[in-house]
Amino acid sequence: MTTTLTRPVLPPALVEGLDDPESDGAVKTKELVIVAESGDLERTWATTILASTAAAGEMKVSIFFTFWGLFALVRPEVRVTGTNWMQKMLAVMNRPGIDHAKLSKLNFAGMGPWMMKKLAKQYGVAEPRELLEMSQALGVRLIPCQMSMDMMGITRDQLIDGVEEPVGAATALELMTGASATLFI
Amino acid sequence: MTVTTPVAKTVDARGLSCPLPIVKTALAIRELASGQLIEVLATDPGSTKDFTAWAKTTGNLLVESSVDGAVFRYVLIKK
């Protein structure tokens, strides 16, 4: 197939900050850090849409998964996480895995998410799992929170492939202070 | 001047919603060499603005943005 280039569009000002007298003219890569705290379906959706789109726009993207957000990184085949009864109970009531995220409202014992995903399919919207996979393919860093892993009894081998070493709040804050945008979702 | 250049790759994003047309294009354009052309077909009405913005952000050159019925066509040159 061929295309006819009849109206070339001039490239945009490629070097950001050229107008800025303080700038040394170097192109600064924009960086996005998302703190994924919620495990709710709609929020997981927001996180994965923004992460994949930012990475597509060549931003450096890191997601720090903490608290309920961490459950999105658990492998789909893992049914119960945790070693003691309280941690196990937590996983039974809040099934791990990105495919099992619940809606924060109108969940109706899973009916809500089922309808939402049916609508998504109908309108060509990718599910959070697909968006997370595409994010990974585009180089998004997935960073689990060590404290949440310990408290919830989730182990490294229960997390999906490609997840980085767990870190603490200090590392997350260091990432956030260096980023051009930070979101707490 | 009219230049006729073959398209190296086509992304069929028809029927897909935001952000899939952009994300799939970003994944596909990585396989091209600088200067090669990528064609994107989409039906998402928001994609016209999205591709203009995305081209500006990434520095890939949007050389065609057209519509044929309900199908939008974008052609970009990899930077």
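What follows is a short exchange about those labels.

Modeller: Bear in mind that this is a predicted model.

Colleague: Why is Val125(A) called partly exposed?

Modeller: Count its neighbours. Val125(A) has 19 C-beta neighbours inside 10 Å. Buried needs 20 or more, and exposed needs 12 or fewer. The count of 19 falls in between, so Val125(A) is partly exposed.

Colleague: Where does Val125(A) sit, and what does it touch?

Modeller: Val125(A) is in the loop between α3 (111-122) and α4 (128-137) of chain A. Leaving aside residues up to four places away in sequence, it touches Ala120(A) and Ser17(B).

Colleague: What makes Leu106(A) and Ala109(A) exposed?

Modeller: The cut-off for exposed is 12 or fewer neighbours. Leu106(A) has 11 inside 10 Å, so it counts as exposed. Ala109(A) has 8, so it counts as exposed too. Leu106(A) lies in the loop between α2 (85-93) and α3 of chain A, and Ala109(A) is found in the loop between α2 and α3 as well.

Colleague: Why remark on the phi of a residue that is not a glycine?

Modeller: Because most residues other than glycine have a negative phi. Leu106(A) has a positive phi of about 55°. Ala109(A) has one of about 50°. Neither Leu106(A) nor Ala109(A) is a glycine. Just after α3(A), Gly124(A) also takes a positive phi, about 65°.

Colleague: How do you know that the span of α3(A) is close to the expected one?

Modeller: α3(A) has twelve residues and reaches 17 Å from its first C-alpha to its last. At 1.5 Å a residue, 16 Å is expected. α3(A) is also hardly covered, with one buried residue among its twelve.

Colleague: What is the peptide bond between Cys18(B) and Pro19(B), cis or trans?

Modeller: It is cis, with omega about 0°. Most peptide bonds are trans. Pro19(B) lies in the loop between β1 (3-13) and α1 (20-29) of chain B.

Colleague: How is chain B built?

Modeller: Chain B has two helices and four strands. Along the sequence, the pattern is β-α-β-α-β-β.

Colleague: What makes chain B as compact as a globular protein of its length?

Modeller: The radius of gyration of chain B is 12 Å. The globule rule gives 12 Å for 79 residues. The two values are close, so chain B is as compact as a globular protein of that length. Its C-alpha trace spans about 30 × 25 × 20 Å along the principal axes. Buried residues make up 39% of the chain.

Technical notes. Residues are numbered from 1 along each chain as its sequence is written. Chains are lettered from A and ligands numbered from 1 in the order in which they are written. This is a predicted model: local features need pLDDT of at least 70, side-chain atom pairs count only at pLDDT 80 or more; totals for chains, interfaces and linings use all residues. Two residues are in contact if their C-beta atoms, placed from the backbone, lie within 7 Å. The expected span of a helix is 1.5 Å times one less than its number of residues. The radius of gyration is taken over C-alpha atoms; the globule rule is 2.2 Å times the number of residues to the power 0.38.
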